[in-house]
Amino acid sequence: GSRRVRRRSGAGRVSEDLKLPGVDEFKVRASYGEAGLRPVFDAQYEQFAIQGGSPVKVTLGNPNLRPAFSREIEGGFNLSFLKNFTLEYSYSSKITDDQILNVPVSSATGFRNQWINGGSLHGRTHEVLLGAVLASKKDFLWRLNIAGDRTRQTVTARSVPPYLVGPVANTTIFRLAPNEPFGIVYGSKWVRTAEQLNSMITNRRLTGSAADYVLNEEGFYVAKSGWRTVNERPIKFLDEKGGDLFQIADVNPDFNLNFNTQLNWKSFALTAVVNWVQGGQIYNYTRQWPFFDERDPAFDQRGKPEAEKKPTSYYIVFYNNFNANEYFVEDGSYVRLRELALNYQVPRALARKLGLGDDRTAKLGIVGRNLFTSTKYSGYDPDVSGGGSNPFAYRVDYFTYPIFKTFTLMLELGL
């Protein structure tokens, strides 16, 4: 059935009633809104795939799906001060109930999954924007804008048991469970600490004593009898029940910052845009895949002391049947010069001499995009999203093609 939604907003100009030193304008604001999200049309019908010339059951239809319903409250302020500065801050809290999710179903149905109203998600976002005029003279103007944000989302309720999703159907690494942050990667760990080693021995997942194992040159515990031999192998960590699924990564950045600056001098304008993503991790499937074929730089051990070289079978263990594991988790921080542009406003007199037309304005420019990136990430590009619009592909390098570095020449003509 239908559901009415409400929207409310309000603002107050505090500076109209209170005179604050150095403050030109101070406004506080708040808003509340509700919205619905319709299920996709085909979610109500059974879906089949053709495999080997025969139909195979895939998705069980659900004619009883309800629209997801979200409620969001936002508050913040706008501040102008000292004539040349502005500061804006916003905080929003959004709760979405009856989330529409494609979840696994019992094999007794003959289908793999079904769209259901599967739970609730609570998102919190902080946003801040600082603007400044750093210099303002007759022929020179310098502006700077800094925008930052931080978002955290938590699964607050589930109508189905915890399960793994994304980035694609056959590689599921994000766990959806009540009271767990959204964007947590689960996979296997390797024994890298004495605490893990002792736990494995206590739980009888390893034989012998701690003296029978050694921490190798790469920070992994191996059997002492196999160390520096062709039999050296990393040891997968298991819990007391023999399980090997653990939290191994959090893809959520600590914060995002964007810097936008513009300098105008006479007829020239220089613009630069810099992105800074701090924290959060990337799962590098693009690196994991070549381990099966021994094609990663890790297999090239030139320059290592002879005694420290590992057999190829040692590194192939990390392939882990292409299942997620902590070996391929990397820091996703980066700073990127997203755009650098230089423009020149051609005087009308010069435009006429160049045959561009009488009384016509002209602008010449050159724009470079993605010119420089500073990062410790080993892949082609730390700005990855796994491809497509799948939210569960966020910050997963799943054979993602890197962003181009481009240069563009521009001629803009106006009346």
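Reader: Where is N321?
Author: N321 is in the loop between α4 and β21. Helices (H or I, at least four residues) and strands (E, at least two) are DSSP runs, numbered from the N terminus. This is a predicted model, where local features need pLDDT of at least 70 and side-chain atom pairs count only at pLDDT 80 or more, while totals for chains, interfaces and linings use all residues. Residues are numbered from 1 along each chain as its sequence is written, and side-chain values use heavy atoms, with hydrogens and water left out.

Reader: Buried or exposed, that N321?
Author: N321 is exposed, with a relative accessible area of 63%. The cut-offs are under 20% for buried, over 50% for exposed, and partly exposed in between (1.4 Å probe, protein chains only).

Reader: What is phi of N321 near?
Author: It is near 55°, a positive value in a residue other than glycine. Most residues other than glycine have a negative phi. N320 also has a positive phi, about 55°, and is not a glycine. N320 lies in the loop between α4 and β21. N320 is buried, at 11% relative accessible area.

Reader: Which peptide bond is cis?
Author: The one from G166 to P167, with omega near 5°. P167 belongs to strand β11. Most peptide bonds are trans.

Reader: New topic. How many salt bridges does the structure hold?
Author: The structure has 19 salt bridges. Each is a side-chain nitrogen of Lys or Arg within 4 Å of a carboxyl oxygen of Asp or Glu. Side chains of opposite charge can pair when their charged atoms come close.

Reader: What does K310 form a salt bridge with?
Author: With E232. The closest N and O atoms of K310 and E232 are 2.9 Å apart. K310 lies in the loop between α3 (285-288) and α4, and E232 in the loop between β16 (221-223) and β17, so the pair ties together parts 78 residues apart in sequence. K310 and E232 are both buried.

Reader: Which residues are linked in a network of salt bridges?
Author: E217, R228, E232 and K310.

Reader: And where does K310 lie relative to Y314?
Author: K310 lies over the face of Y314, 5.8 Å from the ring centre. The rule is NZ of Lys or CZ of Arg within 6 Å of the ring centre and within 35 degrees of the ring normal. R175 has its charged end over the ring of Y186, 5.3 Å from the centre.

Reader: What about R336 and D381, what do their side chains meet in?
Author: A salt bridge, 2.8 Å from N to O. R336 is in strand β22 (residues 334-346) and D381 in the loop between β23 (361-375) and β24 (396-397), so this pair ties together parts 45 residues apart in sequence. R336 is buried at 5% relative accessibility. D381 is buried at 5% too.

Reader: Now rings. How many aromatic pairs are there?
Author: The count is 29 aromatic pairs. Rings of Phe, Tyr and Trp (its six-membered ring) pair if their centres lie within 6.5 Å; planes under 30 degrees apart count as stacked, over 60 as edge-to-face and the rest as tilted.

Reader: Why is the pair of F255 and W276 edge-to-face?
Author: Their ring centres are 5.1 Å apart and the planes sit at 80°, so the pair is edge-to-face. F255 is in strand β18 (residues 255-265) and W276 in strand β19 (residues 268-278), 21 residues apart. F255 is partly exposed, at 28% relative accessible area.

Reader: Which residues do ring pairs link into a cluster?
Author: W190, F220, F291, F299, Y314, Y315, F318, Y327 and F328.

Reader: Which residues touch the most other members of the largest nonpolar core?
Author: F291, F318 and Y327, in a core of 37 residues. A nonpolar core is a set of buried Ala, Val, Leu, Ile, Met, Phe, Trp, Tyr and Cys residues joined through side-chain atoms within 4.5 Å. The largest share of this core, three residues, comes from β12.
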